[in-house]
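Reader: I would like to know what stands behind the terms used for a structure like this one. Please show it to me first.

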Amino acid sequence: MPPSPSLAISARGLVKRFGAMTAVAGIDLDVPRGTIFGILGPNGAGKTTLLRMLATLIAPDAGSATVMGHDLRAAPDAVRGVIAMTGQFASLDEDLTGRENLVMLGRLWGFGRQAAGARADDLLAAFALSDAARRQVKTYSGGMRRRLDIAASLVITPGVLFLDEPTTGLDPAARAGVWRLIRDLAASGVTILLTTQYLEEADQLAARIAVIDHGRKIAEGTSRELKATTGSGTLHVTPAQAAQRDAAAALLAALLGTTVGRSAEGAQLSVAVPDAARANAALAALIAADIPLADFAMGSPSLDEVFFALTGQPLPPEEATA
Amino acid sequence: MTTPALLRRVDRPARPSALSNALVFGWRAVLKFKHVPEQLFDLVMTPIMFTLLFTFVFGGALAGTPGDYLQFFLPGILVQTVMFNAVYSGMGLSTDFQKGLFDRFRALPIWSLAPFAGLMVGDLLRHLIAGGIILTIGLILGYRPDAGLPGVIGAFALLLAVGFGTGWIFIVLGLLVRTPMTVMTFGFTVMFPLIFASNIMVDPATMPGWLGGFVAVNPVSLITTAMRGLMDGSASAVTIGLALIFPVAMTALLAPVTLLIYRRK
């Protein structure tokens, strides 16, 4: 059955193995056109492998997919004609200038020298890189590189733009700039599939989010739906006295009727709370029980907490991102 | 950041030809000369030192006078220069892969061998420039090609063929090996015995028999013999044919292997 024309990406049972390791273990994905779709998961979950398969960079071992109506296996070149991908590491020629990188890609797409130059100048201006246009990319800051890397994906307006962890390693200002850019692009009709390790990023940008773990999709929905599984927020408390940690944890568990998580070193307790009133009551109860707090904070649930809620297991320590 | 330039829809132009794709990559290689001119320094310093060292330190002892030795040595040092240069392009390819640059190329609807064709254009330019510099220094020091300009043109044509053939070895290595340093180490490990156990530096007549046997069939020796012949006018079709076996075989064997590895990667 052909996929619905309203879908930018439709994947069924995608599998990729590397030797004995199964990186992607049968993933279905339906991404409506013109939306931002987030793939959320820890390091090693299979996010990048999934993206690389959809971008024709590696062939799936099983399953099928269409991108903007083109079959991934039967017509990879047609898929390449409607996609662009910005990987986790800047795929730029460091020795060339920013402008030369864009002109090179324009000419590979088939523009003449002049048209490629004009498009490069437009993009450099749009990404606030005009002043650095004639400098070698190796002199760029991390934020500038990421902007140029995204610009390099927009030489032709793609049907689908793949962004692999677009803000990893960026400072907050650069991150906000990239977020704004992603929203503007989506508003102009480009479908965006992005991966991230940050629930907040998926929450800020994506209309729908798929949560991936060990190569499988363990949940999919809107940000609101995912948060409903974890509570709207998380209360973090640090008892002033180490001896009272167990008592505090027991009290919170009893009061809120849910499991209490502990930070790696054990000092901080985290518990999902459905609303501010319950958080307030929990803090009051701790103080009433004569358990003084060194620190307390309310936060959005982190990826770790979403994972905990979805799988009942914390992220392995080496993969934890909080 | 402003958005109008992004929001304006830019559609794909007509699909360019494979040749056009390859030329863009050739242009990239030329830009690299502009931005990283020091790479030429890397390429010619070693052969210049070898030329000076062998001519003035060993030359007299090996051939009677430094001048006579230079006449013997110069065609060979050109071969050595080109073969070592090929190692550098393998390192460049490995760097491109490490940086993820090829991911962008591979996600484009272009002729899949175009990046390699461009790489070769850059290689051939490098060989021409480095060879030209070494020849110029040789001429200044007193080297005289008896066959004149036609001989030199013929010798450089052979040199480019050798560079092209050797280039495939390091393209394959660059594709297979993860780090540029490993490409270099591996390349030099293979190249040193081939270069030294050849007739580039000395007449193999005084070598032990087993080594002489290897030197006689070493492709580097066959190429060097043809280079000498072309530059002094004594080359025969047979010596040139023997010299071409290696680059032709490497291309025929490794170009398909390159494509296979690249498509699978």
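Author: The questions below take up the terms one at a time.

Author: This is a predicted model, in which local features need pLDDT of at least 70, side-chain atom pairs count only at pLDDT 80 or more, and totals for chains, interfaces and linings use all residues. Residues are numbered from 1 along each chain as its sequence is written, while chains are lettered from A and ligands numbered from 1 in the order in which they are written.

Reader: What makes β1 and β2 of chain A a pair of strands?

Author: A strand is a DSSP run of E with at least two residues, and a helix is a run of H or I with at least four, both numbered from the N terminus. Two strands pair if DSSP finds at least two bridges between them. Nine bridges join β1 (residues 7-18) of chain A to β2 (residues 21-32) of chain A, and the two run antiparallel. One of the positions is Ala11(A), which stands opposite Leu29(A) in β2(A).

Reader: What lies between β1(A) and β2(A)?

Author: Two residues lie between these strands, which form a hairpin. In the turn, Gly19(A) has a positive phi of about 60 degrees.

Reader: Why is α10(B) called largely enclosed?

Author: A residue is buried if 20 or more other C-beta atoms, placed from the backbone, lie within 10 Å of its own; it is exposed if 12 or fewer do, and partly exposed in between. In α10(B), 13 of the 14 residues are buried, so the rest of the structure largely encloses this helix. For chain B as a whole, 42% of the 265 residues count as buried.

Reader: How do you know that the length of helix α10 of chain B agrees with its residue count?

Author: The expected span is 1.5 Å times one less than the number of residues. For the 14 residues of α10 (residues 219-232) of chain B this should be 20 Å, and the end C-alpha atoms are 20 Å apart, which agrees. After α10(B) comes Gly233(B), with a positive phi near 85 degrees.

Reader: Which elements does chain B have?

Author: Chain B has eleven helices and zero strands.
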